[in-house]
Amino acid sequence: MTSMINLLLFPIILPFFFAIVLLFFKENIRVQRSLTVIGLLAALTSSLFLISKVKADGVQAITLGSWPAPFGISMVSDMFSALLVTTTIIITLFVVVYSFSSIGKERERFFYYPAILFMITGVNGAFTTGDIFNMFVFFEVLLIASYLLIVLGGEKRQLRESIKYILVNVISSALFVITVAYLYSVIGTLNMADISVKIAEIGQPGIITVIAVLFLIVFGVKGSLFPLYFWLPGSYAAPPIPVLALFGALLTKVGVYAIIRTYTLFFVHDIGFTHELLLVLSILTIIAGCIGALAYFDLKQIIIYNIVIAIGVILFGVSQMNESGLSGAIFYLVHDMLIKGALFLLIGIIIYVTGTSNLRKMGGLMKTHAPLGWVYLIAAFGLAGIPPLSGFVGKMLIVKGAFEAGNVVGSIIILASSLVVLLSVMRIFIYAFWGKPVELPKTDRRPYRSMMIPSVVLVVLSVLYGVGTEWLIPYMSDATDVLLQPSIYIDAVLKE
Amino acid sequence: MKTNDVILQTTTKVVFFIIFLFSIHIFFAGHYSPGGGFVGGLLTTGAIVLLLLAFDLKTVQKALPFNFTIMTGIGLLLALGTASGSIFFDVPFFTHAFSHFNLPLFGETSLHTAMIFDAGVYLVVVGAAITMIQTIGGDT
């Protein structure tokens, strides 16, 4: 046990193990809750160890079953994926604690926590895998768990939206396998490092570019890229808030991660076409998201459309393919996971207190729930990227990268979108917290307090993430280096 | 209306055991020749579904009084446990071990940890498939 070559698998195995154990205690809510928290804390510890190990020793890679590298399934943890894995576990931990007082015993008794842990297994697996077909497998793991989470409770709206959700995902998963098959028939390998080498050897002919676009469509559906995000606002609004927070903070980001990985490791020889396409689509995504964020008076819809905007901003950074753009995208990706998680939890509390998600029926919450108002305001400023809060550095680097690459119009749209984001979340603040107090339905004060704790801590974390930027920079630059120089990734996997 | 299914029920009582034994055979045949836990599990599920068709849900639940969710859990634990064994030897996850043993009756036999993993897969397939069928069938 000296070198611990399997360490990078622990953030995947531990949630999986605890999910299995929970199957044996279906009815015992106390065991369900405590084992879930213990499992997530164990996974968090292992992922923090992983970060320090990747920082010290470079990219960690292992090929399962002791098969030689391009033939077995490789798992690879670079700084980028280690950071995402850690963020995923942190958010899940807070959402689980928040669920204790908000999800309801009915759902807790029906595999709610195992489903979350199975989903985290899939998410962390997708972030860690170094095999493109295995990535499909982990996508399926997280999707099947998310099918359970979206339908759990069986409200009429959930059933309607889950049919849509499942249909969209089944079709895009089928397309995923087809695309992987195309790639395999051209390149003859599934190992991601090996794919990168082989594509470089043949210099990305037209057929590879076609496959690149197909991958963009597949991951665009999962990651809600324009115009493939059509299913997202309806489906995400259906399940209860903790599930929405998990979906909003994690699932779309897996799609984004997959785009980033394939567009920095595989398809880097025809940037003029592939990354230009990504650039145009990301700007359209931002514009569509902005329109949605301003159009609705429904709390959930406003924040959900903010997911779409953030996806656009991150992918815009990626499409620059320079150091500032990519490190900005990584900064912004982690920021967005934290802040979206926090915001969803906070609007969940607003909905709990007011009994509605319609802004027009709210008002004057500042008089009765002042702490909620202030915390929400901080989170809103963080989302819009007001310095020194967490959204600032990422967006600044992305815009810097865009100016370096000469995309002036794009940069201006990004900056303008920040104002729209600020406006859309301030509208919630103004409508819900200012104005004449409306009569609130009688609600228990205790769930309110216990829902506040995880939400506040998550907001504090996001503030620390913004303030501690200086301290995070070495980690971020490690993550960016691997994206900019595929050879680091390839050497870690193939040279053993 | 009472359907007359004497022939189906009588045949099923015999055929069930044939299918079940064949599924065990297929299960052990795995690894070096076609077969294994997944196919074996599916065959066993097929046998149980035949029972369900010939009799009804209640009878089958009485005949096979297992909690199939728990069975799935045990299967997953077996599979994950086998794969995780490699962690304690600090070799890559999923690395299996095998050796040849001289067993009484069987003679020279190759025993492989992959078989324990396959047993897990078998239990997961049977547990999950029957849980699904019971859930859907129990709705009516």
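What radius of gyration does chain B have, and what would a compact globule of 140 residues have? Chain B has 18 Å, but a compact globule of 140 residues would have a radius of gyration near 14 Å. The notes below take up this point and others, chain by chain. The model is a predicted one.

1. Chain B, overall form. The C-alpha trace of chain B spans about 65 × 35 × 20 Å along its principal axes. Of its 140 residues, 30% are buried. Contacts between residues at least 6 apart in sequence were also sorted by separation: in chain B, 66% of them join residues at least 24 apart.

2. Chain B, secondary structure. Chain B contains 5 helices and 2 strands.

3. Chain A, overall form. Chain A has 21 helices and 2 strands. Its radius of gyration is 22 Å, close to the 23 Å given by the globule rule for 496 residues, so chain A is as compact as a globular protein of that length. The C-alpha atoms fill a box of roughly 70 × 55 × 45 Å along the principal axes.

4. Chain A, burial and contacts. Buried residues make up 59% of the 496 residues of chain A. Among contacts in chain A with a separation of 6 or more, 81% are between residues 24 or more positions apart.

5. Where the chains meet. On the side of chain A, 16 residues are in contact with 15 residues of chain B. Two elements of chain A give two or more residues each to this side: helix H1 (10–22) and strand E1 (60–63). H1(A) provides the largest share, 4 residues. Sorted by class, the side of chain A that touches chain B has 11 nonpolar and 5 polar residues, and no charged ones.

6. Helices H3 and H19 of chain A. How do these two helices cross, and at roughly what angle? The axes of H3 (residues 79–99) and H19 (residues 445–467) come within 8 Å and cross at roughly 165 degrees. Angles over 145 degrees count as roughly antiparallel, and H3(A) and H19(A) are therefore roughly antiparallel to each other. The crossing is left-handed. From H3(A), the residues involved are Phe94(A), Val97(A) and Tyr98(A); they meet Met451(A), Pro454(A), Ser455(A), Val457(A) and Leu458(A) of H19(A). By class this contact has 7 nonpolar residues, 1 polar residue and no charged residues.

7. Helices H12 and H18 of chain A. H12 (residues 271–295) and H18 (residues 408–433) pack at an angle of about 20 degrees, and their axes are 10 Å apart. That angle makes H12(A) roughly parallel to H18(A). H12(A) passes H18(A) in a left-handed crossing. H12(A) contributes Leu279(A), Ile283(A), Ile286(A), Cys290(A), Ala293(A) and Leu294(A), while the residues from H18(A) include Gly410(A), Ile413(A), Val420(A) and Leu423(A). The class count is 10 nonpolar, 3 polar and no charged residues.

8. Backbone points to check. Most residues other than glycine have a negative phi, and most peptide bonds are trans. The next two points list exceptions.

9. Cis peptide bonds. Which residues does the cis bond with omega of about -5 degrees join? It joins Phe226(A) and Pro227(A). Pro227(A) lies in the loop between helix H9 (206–223) and helix H10 (232–237) of chain A. Another cis bond runs from Pro387(A) to Pro388(A), with omega near 5 degrees. Pro388(A) sits in the loop between helix H16 (370–384) and helix H17 (390–405) of chain A.

10. Positive phi. Ser224(A) is not a glycine, yet its phi is positive, about 60 degrees. Ser224(A) is in the loop between H9 and H10 of chain A. Is Ser224(A) buried or exposed? It is buried, with 26 other C-beta atoms within 10 Å. In chain B, Phe94(B) also has a positive phi, near 80 degrees. Phe94(B) is placed in the loop between helix H4 (68–88) and strand E1 (98–103) of chain B. A residue is buried if 20 or more other C-beta atoms lie within 10 Å of its own; Phe94(B) has 22 such neighbours and so counts as buried.

Methods: Residues are numbered from 1 along each chain as its sequence is written. Chains are lettered from A and ligands numbered from 1 in the order in which they are written. This is a predicted model: local features need pLDDT of at least 70, side-chain atom pairs count only at pLDDT 80 or more; totals for chains, interfaces and linings use all residues. The radius of gyration is taken over C-alpha atoms; the globule rule is 2.2 Å times the number of residues to the power 0.38. A residue is buried if 20 or more other C-beta atoms lie within 10 Å of its own, exposed if 12 or fewer, and partly exposed in between; C-beta atoms are placed from the backbone. Two residues are in contact if their C-beta atoms, placed from the backbone, lie within 7 Å. Axes are lines fitted to C-alpha atoms, for helices over the stretch in contact, and angles run from 0 to 180 degrees between N-to-C directions. Angles under 35 degrees count as roughly parallel, over 145 as roughly antiparallel, 65 to 115 as roughly perpendicular and the rest as oblique. A crossing is left-handed if the near helix is turned anticlockwise from the far one by less than a right angle, and right-handed if clockwise. Ala, Val, Leu, Ile, Met, Phe, Trp, Tyr, Cys and Pro count as nonpolar, Asp, Glu, Lys and Arg as charged, and the others, Gly among them, as polar.
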